[in-house]
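Here is a briefing for a first look at this protein. Start with the sequence and the model below, then read on by topic.

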Amino acid sequence: MTILKFSGEVAGFYRRYRRGYPEAVLDALVAEFGLTAEDTALDLGCGTGQLTLPLAARTRAVVGMDPEPDMLAEARKAAAGVTNVCWLIGADSDVPALELVLGREKLGAVTIGQALHWMDHETLFPALHSLLRPGGGVAVVTNGAPMWLHDTPWSNALREYLSGWLGKPLVRTCGAEQEEQDRYRASLAAAGFTTGETDVDYEDEIDLEHLVGAVYSAMPEDLLPKPDERAGFEERLSVAVSPFAPFVEPVRVRVVSGRKEATSA
């Protein structure tokens with residue numbers, strides 16, 4: 001996993017403003033992998049627990065794993081009162097060592113929510129295969145495209161403002177591009193998984209506060225506007241996008257899954 005400085009204040013913005021997942025997404029994971037209250041899951045690149053915590057409500061236990069300590073500190077705050085989640089500092093390169101801790105075929109599912117673009121998936125997927133029980137699998141969950149990449153007036157205005165502020169165009173799709181997802185699917189198949197795909201589509205209307213917070217949550221700490229710069233940054237952003245309110249965002253949550261089939265005797 002490529003480790004950027006999504007730390008400090010950014011982790012707090014991430015916990016408060018990053019979108020969660022609809023129940024239909026969790027339903028799809030349960031159905032695809034036959035998850036029950038006896039299963040343990042791993043949420044890899046868990047951030048502040050947007051997928052970890054609802055997954056914990058459907059399983060016996062979940063390990064939330066992320067390389068950024070500040071993200072995990074915020075995840076622990078969000079998980080107050082939840083007793084079946086443990087938080088582990090680690091990257092995708094640490095996955096092979098998990099077999100020594102957990103044993104072979106002990107996981108019902110491994111979820112990767114909006115984080116695989118930071119990982120070496122061609123190495124990761126084979127390493128996950130031996131950790132999963134037959135019928136379990138890997139779910140790569142893309143929680144919509146970045147809000148500045150939609151083809152809507154307010155998104156276009158946001159993209160133009162942020163590109164000007166950063167001094168470069170915004171083109172990264174964070175794993176939402178079809179070409180990227182096709183690569184993930186091919187890598188899952190090459191690692192011995194049976195692949196599938198599920199989409200959950202909906203619209204989400206956000207206010208200006210959440211728009212700004214989501215922008216801050218996507219910035220590495222060294223790019224986050226300094227505290228004394230934020231009022232001006234937010235005022236200029238508001239001037240750019242407010243004429244195009246309300247801010248209705250089309251969201252497509254895509255689950256690219258790889259299921260481990262039982263081997264024949």
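Asp39 counts as buried, because its relative accessibility is 8% (buried means under 20% relative accessible area, exposed over 50%, partly exposed in between, with a 1.4 Å probe and protein chains only). The model is predicted: local features need pLDDT of at least 70, side-chain atom pairs count only at pLDDT 80 or more, and totals for chains, interfaces and linings use all residues. Residues are numbered from 1 along each chain as its sequence is written, and side-chain values use heavy atoms, with hydrogens and water left out.

**Around Asp39**
- Asp39 sits in the loop between α2 (23-33) and β1 (40-44). Helices (H or I, at least four residues) and strands (E, at least two) are DSSP runs, numbered from the N terminus.
- Leaving out residues up to four places away in sequence, Asp39 touches Gly34, Thr59, Arg60, Ala61, Gly108 and Arg133. Contact means heavy atoms within 4.5 Å.
- Asp39 and Val248 are 209 residues apart in sequence. In space, their C-alpha atoms are 37 Å apart.

**The whole protein**
- The protein has ten helices and seven strands.
- Its radius of gyration is 19 Å, close to the 18 Å that the globule rule gives for 265 residues, so the protein is as compact as a globular protein of that length. The radius is taken over C-alpha atoms, and the rule is 2.2 Å times the number of residues to the power 0.38.
- The C-alpha atoms fill a box of roughly 65 × 30 × 30 Å, taken along the principal axes.
- Buried residues make up 51% of the 265 residues.
- Take the contacts between residues at least 6 apart in sequence: 78% of them join residues at least 24 apart.

**The largest nonpolar core**
- This core has 27 residues. A nonpolar core is a set of buried Ala, Val, Leu, Ile, Met, Phe, Trp, Tyr and Cys residues joined through side-chain atoms within 4.5 Å.
- Those with the most contacts inside the core are Met147, Leu158, Leu162, Leu211, Val215, Phe233 and Leu237.
- At least two residues of the core come from each of α1 (9-17), α7 (153-166), α9 (208-217) and α10 (230-241).
- Beyond four places in sequence, Phe233 touches Tyr161, Leu162, Trp165, Val215, Tyr216, Met219 and Pro225.

**Tyr216**
- Tyr216 lies in helix α9. Tyr216 is buried, with a relative accessible area of 1%.
- Its contacts, aside from neighbours within four places in sequence, are Val10, Phe13, Leu224, Pro225, Arg230, Phe233 and Glu234.

**Helix α8**
- α8 (residues 178-190) has 13 residues. From first C-alpha to last, α8 reaches 18 Å, close to the 18 Å expected at 1.5 Å a residue. That expected span is 1.5 Å times one less than the number of residues.
- Glu180, Gln181, Tyr184, Arg185, Ser187 and Leu188 are buried in α8.
- Seen down the axis of α8, the buried residues fall within an arc of 165°, so they line one face of the helix. The arc is that of the directions from the helix axis to the C-beta atoms.
- On the other side of α8, Glu179 and Ala190 are exposed.
- The cover over the buried residues of α8 includes α6 (121-129), β5 (132-143), β6 (194-206) and β7 (247-259).
- Gly192 follows α8, and its phi is positive, near 100°.
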